[in-house]
Amino acid sequence: MTRRTSTPVTVFLIRHGETPYHAENRYAGRTDLPLTDRGQAQALELGEWAAAARLSGIVASPLRRARQTAEPVASKTGLDLVLDERLVELDFGAADGLTAAEMRERFPAERAAFEADPYSHPFPDGEAPCDALTRGRAALADLASGERGERVLVVAHGTFLRIVLCDLLGLPPGRYRSAFPVIRNATGAVLRRTADSWGLVAWNPPLVLGAHTW
């Protein structure tokens, strides 16, 4: 059983920087993409912000786009970068690398079911979102225990983060696309855990040099 600290824990749930797929609005699941030049610039800006953010820990998905986003943060803060397999993006199966329009052409019924209820209807050959939520809950429970300190930056992925965020805030996970329609690159959610509950402090804030550090 994970032991929780009585001290509030602030977690910065950050989506990685831009990749070639995201620049073209393509779904990127387990394909191990690098950052674009723009994505690298976003990661550098995040690192500059982090230098003043008083972070106690950095945890990232092992996929390259997340690692490359977190590395400037580790460099600027002097903290070790910890990789956690539980933070990887969902496996989108047959949808990986496709746009929404391409999916509607190749498997229209499955895409329509996904749009109606994305949590209950994963893409063909894709990971069940409930399985992603199980691993996400475990990862966040460890952070809530204070094992990485009281101010932790997590770099992960858009769909994964939105599903976990709904769960932490008491929203039905099937609403992740409507409740949080856009999670920008190199930003995301600032959460604070106090007592037995999580609260949303900020959503998609600019995390650049001189910005608020909460």
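Student: At what angle do α2 and α3 pack, and how far apart are their axes?

Tutor: In this predicted model, helix α2, residues 37–50, packs with helix α3, residues 64–77, at an angle of about 30°. Their axes are 8 Å apart. Angles under 35 degrees count as roughly parallel, so α2 is roughly parallel to α3.

Student: Is that crossing left-handed or right-handed?

Tutor: The crossing of α2 and α3 is right-handed.

Student: Which residues meet there?

Tutor: From α2, the contact involves Ala43, Leu44, Leu46, Gly47, Glu48 and Ala50.

Student: Changing topic: how many residues has the largest nonpolar core, and which have the most contacts inside it?

Tutor: The largest nonpolar core has 37 residues. Those with the most contacts inside it are Val11, Leu13, Phe123, Leu140 and Phe160.

Student: Which elements each supply at least two residues of it?

Tutor: Strands β1 (9–15), β4 (151–156) and β5 (188–194) do, together with helices α6 (129–144) and α7 (158–168). Helix α7 gives the most to this core, with 7 residues. Another core, of 18 residues, lies apart from it and includes Leu46, Ala60, Ala70 and Ala202.

Student: And Phe123, what is it in contact with, leaving aside neighbours within four places in sequence?

Tutor: On that basis, Phe123 is in contact with Tyr27, Phe92, Ala95, Met103, Phe107, Arg111 and Phe114.

Student: Back to α7: how many of its residues are buried?

Tutor: Helix α7 is mostly covered, with 10 of its 11 residues buried. Among them are Gly158, Phe160, Arg162 and Cys166.

Student: What do those buried residues pack against?

Tutor: The buried residues of α7 pack against strands β1, β4, β5 and β6 (197–203), and against helices α6 and α8 (176–179). Just after α7, Gly170 takes a positive phi of about 80°.

Student: Where is His157, and is it buried or exposed?

Tutor: His157 is placed in the loop between β4 and α7. Its relative accessibility is 0%, and the cut-off for buried is under 20%, so His157 counts as buried.

Student: Which residues does it touch, not counting those up to four places away in sequence?

Tutor: His157 touches Arg15, His16, Ser61, Leu63, Arg65, Ala66, Leu87, Val88 and Glu89.

Note on methods:
Residues numbered from 1 in each chain as written. Predicted model: local features only at pLDDT ≥ 70, side-chain atom pairs only at ≥ 80, totals over all residues. Heavy atoms only, no water. Axes fitted to C-alpha atoms, helices over the stretch in contact; angles between N-to-C directions. Helix = DSSP H or I, 4+ residues; strand = E, 2+ residues; numbered from the N terminus. Parallel < 35°, antiparallel > 145°, perpendicular 65-115°, else oblique. Left-handed = near helix turned anticlockwise from the far one by under 90°. Contact = heavy atoms within 4.5 Å. Core = buried A, V, L, I, M, F, W, Y, C linked by side-chain atoms within 4.5 Å. Buried < 20%, exposed > 50% of the residue type's maximum accessible area, 1.4 Å probe, protein only.
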